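Please look over the sequence and the structure shown below. The paragraphs after them go through a few places in turn.

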Amino acid sequence: MYRYLPADYCDRQTARCRISPERFQELGLAVGQWAVLQAESNAEDQTHVRVWPARHNCQDAVLVDRYITRGQEAQDPRIREQTLYRLKALESPILKAQRLEVAVARIDSNLEKSVAGSGYDSATGLMQRNMVHTVLETLVLGEGFSIANEHSGLLIKVLSSVPTTGPLLVTKGTQITIVKEEKQSKGNGVSTGVVESSDTQNDIDFARNLKVLPGLEGPIKALLEVVSYPLLYPELISRLNIECPKGILLHGPPGVGKTLLVSTVAHICRAQMITIYGPEIFGPYVGESEEKLRQKFDQASRIALADPKRPVMIFIDELDALTPHRTDAQAHESRVVAQLLTLMDGVASRGRVVVIAATNRPNSIDPALRRPGRFDREIRMEVPNEPNRLKIIGSLIKDMPHLLTESELGSLARMTNGFVGADLEALCRESALSAVHRSIVATESGTNGLGATSVSVTMADFKNAFSKNAPSLQRGYGVVVEPVKWNDIGGLEPVKRQLRQAVEWPVLYKDTFSRLGLKAPRGILLYGPPGCSKTTLVKAIATNSGASFLSVNGAALYSSFVGDSEKTIRETFHQARLSAPSIIFFDEIDTIVGKRNFSAGGGGDGGGDSVQERVLSTMLNEMDGVENASGVLIVAATNRVDLIDKALLRPGRFDRVVYVPPPDLEARRQILSIYTRDIPLAEDVDLDALAQTTEMFTGADLQNLCREAALIALRSRVLGPMAKMQIKVEGADENKPSTDPVNEEDFRQALASVKPTLTAAMLLEYSSTGQSAF
């Protein structure tokens with residue numbers, strides 16, 4: 001027997017019980033082991049405690065923090081010291097609590113008021129359950145026990161539990177249900193409010209719960225209707241003699257929040273969720289996989305019969321891995337598909353047992369599962385658009401100290417095109433780490449004396465994180481493009497104006513386009529002589545448009561396997577649609593698609609079906625076929641427009657065919673100024689005169705000319721004196737390397753070695769072929 005003494009201040013709210021070290025060793029207890037402290041005169045007066053050795057010999061007394069209590073004295077701090085208590089260790093392992101029904105009351109104090117407690121009143125049902133779950137997790141409870149958490153200002157009482165007997169350990173998987181609300185006065189223990197019970201019907205507030213997941217209002221509403229309608233309107237459903245949907249298929253790209261959506265709806269509806277993963281179902285023995293699948297469905301049926309007021313959800317994650325096409329599947333996979341079909345047809349508790357599956361490859365699952373009666377509804381979760389990205393970013397940084405303005409948030413939402421929810425979460429995490437690193441560097445250098453309290457995320461941190469995080473949808477498809485601004489391209493003002501109108505205007509003047517009934521161009525074809533900045537113009541488009549950029553070239557497209565090239569085209573367009581607005585660039589498109597040869601029977605040289613013609617057919621269908629390709633701009637470049645099939649050049653595919661001419665005098669002057677920007681020039685270098693002498697030079701030729709002039713200066717005035725220094729050691733200080741700039745003589749020598757690419761005959765040929773191609 002032990003006498004009661006109150007715990008030290010450092011042990012408050014820890015459920016610790018300290019006994020003398022000698023008795024601790026005699027009883028063979030472990031530090032932190034759970035035990036029950038029971039009064040000798042009142043068996044109902046119990047306290048669950050973690051046993052620790054005392055810091056000194058307290059003899060027959062125990063220092064108790066009455067945090068988890070049951071009995072008449074649970075809420076009364078005045079406990080008579082003459083009452084003796086018996087300490088008994090709980091048997092290990094302790095059963096895990098599957099479900100708890102609790103009553104939550106506010107603890108009011110005249111001295112202070114808990115901020116977290118006041119936040120509990122204005123929180124949603126899901127947030128309230130999360131707050132209660134956070135307080136109870138890792139504690140050992142039972143029916144009738146109460147927990148007075150001073151930090152949150154909440155008094156939580158356990159009304160019922162599953163299992164119903166024995167002490168229970170609260171884990172992450174424990175389902176918490178708040179069924180009663182009371183207001184309790186901490187000072188006198190008198191109830192001042194009215195006890196009100198709440199069930200599923202009055203707890204599910206659609207308008208309130210739709211705001212739980214910003215950006216997913218549509219899918220969460222559709223899923224809530226299916227799960228909650230049988231509980232909210234059972235009489236109406238029975239009167240109409242209809243059958244509620246028993247299966248829902250969620251499909252969408254990875255990272256859009258399919259699994260998060262299901263778990264959130266399960267918390268909102270207080271549903272019991274049973275999760276099925278592919279690896280845990282498959283077994284090495286024949287029939288073992290089907291048996292495990294039947295056990296999951298039997299478990300759901302038993303829970304539904306035991307608790308008629310609670311919905312039951314069976315969640316199958318990555319359905320395509322569990323139920324592939326039976327025509328291409330192995331024997332054990334076909335048996336699992338057949339077993340799942342049978343189980344879904346035989347689900348008796350149709351209203352409350354809902355089967356939800358998630359996949360990012362809906363066309364890979366067996367078609368028999370996608371008929372009504374099995375998966376009745378299919379909810380497609382799209383990549384978030386700009387308004388939804390703004391909502392998601394706002395919710396992610398809500399509790400993060402930041403200095404972002406509304407305009408910067410809008411700019412961040414625009415620049416994260418193609419990002420899914422998981423990508424945005426990673427972006428916010430990386431930006432926070434960037435802010436922490438910046439604060440650490442500032443603290444070490446002594447420029448920041450405020451420490452961790454001054455850390456705030458800025459737009460610079462987000463830009464730094466943005467450079468390290470690419471959208472997951474573009475991994476494997478996207479390319480790293482060298483940043484090029486419009487000012488980095490000399491001349492070509494009419495061409496740049498047409499490209500900016502086609503790429504930037506539909507984004508900047510979206511409302512005007514909609515009012516006038518205009519649509520953005522589907523495709524732009526750039527053609528012209530080699531070296532006239534066609535690819536550089538595309539780089540400028542990718543840099544300044546803010547759209548997702550994908551590139552296709554002939555070397556990566558063609559394969560030795562039949563159908564692989566067409567599959568690559570289809571997958572590229574599919575990824576572009578997912579991450580729209582996006583740009584697909586086909587470089588040297590004449591080598592990719594070419595022109596169909598009808599004189600040879602439609603089959604190329606041997607009359608058979610050539611790969612190039614099949615690729616052309618696939619591209620024609622993707623650009624302007626049955627499937628919608630809105631938000632996808634196709635840009636192609638070629639210097640042989642006469643070799644491109646005319647079906648590609650019609651409006652609706654390549655709406656604009658833009659000729660990129662060689663640079664004129666003013667353009668050559670600008671190009672020379674751009675390429676000599678980082679080259680030190682002597683005063684005798686006249687770029688205007690140089691531009692006049694470089695007739696028929698393309699942009700690539702002018703770049704080569706500037707590079708060659710710099711190399712000539714390097715050989716003649718830098719490396720020459722350095723070679724002499726190696727021969728003549730004496731007087732080496734007098735023969736220092738020359739720092740003379742590039743002069744006119746260097747450019748004159750470079751002009752002697754660099755010849756223009758273009759000729760008058762070539763320009764005449766481009767003029768004639770460009771007119772005959774259309």
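Which residues in H13 meet which residues in H15? Arg389, Ile392, Ile393 and Leu396 are those in H13, and they meet Leu424, Glu425 and Cys428 in H15, where contact means heavy atoms within 4.5 Å. By class, this contact has five nonpolar, no polar and two charged residues. Here Ala, Val, Leu, Ile, Met, Phe, Trp, Tyr, Cys and Pro count as nonpolar, Asp, Glu, Lys and Arg as charged, and the others, Gly among them, as polar.

This is a predicted model, in which local features need pLDDT of at least 70 and side-chain atom pairs count only at pLDDT 80 or more, while totals for chains, interfaces and linings use all residues. Residues are numbered from 1 along each chain as its sequence is written, and side-chain values use heavy atoms, with hydrogens and water left out.

Helix H13 covers residues 386–396 and helix H15 residues 421–445; their axes come within 10 Å and cross at roughly 40°. Helices (H or I, at least four residues) and strands (E, at least two) are DSSP runs, numbered from the N terminus. Axes are lines fitted to C-alpha atoms, for helices over the stretch in contact, and angles run from 0 to 180 degrees between N-to-C directions. H13 and H15 are therefore oblique to each other, since angles under 35 degrees count as roughly parallel, over 145 as roughly antiparallel, 65 to 115 as roughly perpendicular and the rest as oblique.

Several loops also deserve a look. In the loop between strand E7 (84–89) and strand E8 (95–96) lies Pro93, and the peptide bond from Ser92 to Pro93 is cis, with omega near 0°. The bond from Val162 to Pro163 is cis too, with omega near 0°; Pro163 sits in the loop between strand E12 (154–162) and E13.

Gln13, in the loop between strand E1 (2–6) and strand E2 (16–19), has a phi near 60°, a positive value in a residue other than glycine. Its relative accessibility is 27%, so Gln13 counts as partly exposed (buried means under 20% relative accessible area, exposed over 50%, partly exposed in between, with a 1.4 Å probe and protein chains only). Glu683, between helix H25 (665–675) and helix H26 (687–693), is exposed at 84%. Its C-alpha is 7.5 Å from that of Asn743, 60 residues apart in sequence.

The mean pLDDT of the chain is 78, on a scale of the predictor's confidence in each residue from 0 to 100. Over residues 726–735 the pLDDT is below 50. Where pLDDT is low, the predicted coordinates should not be read in detail.
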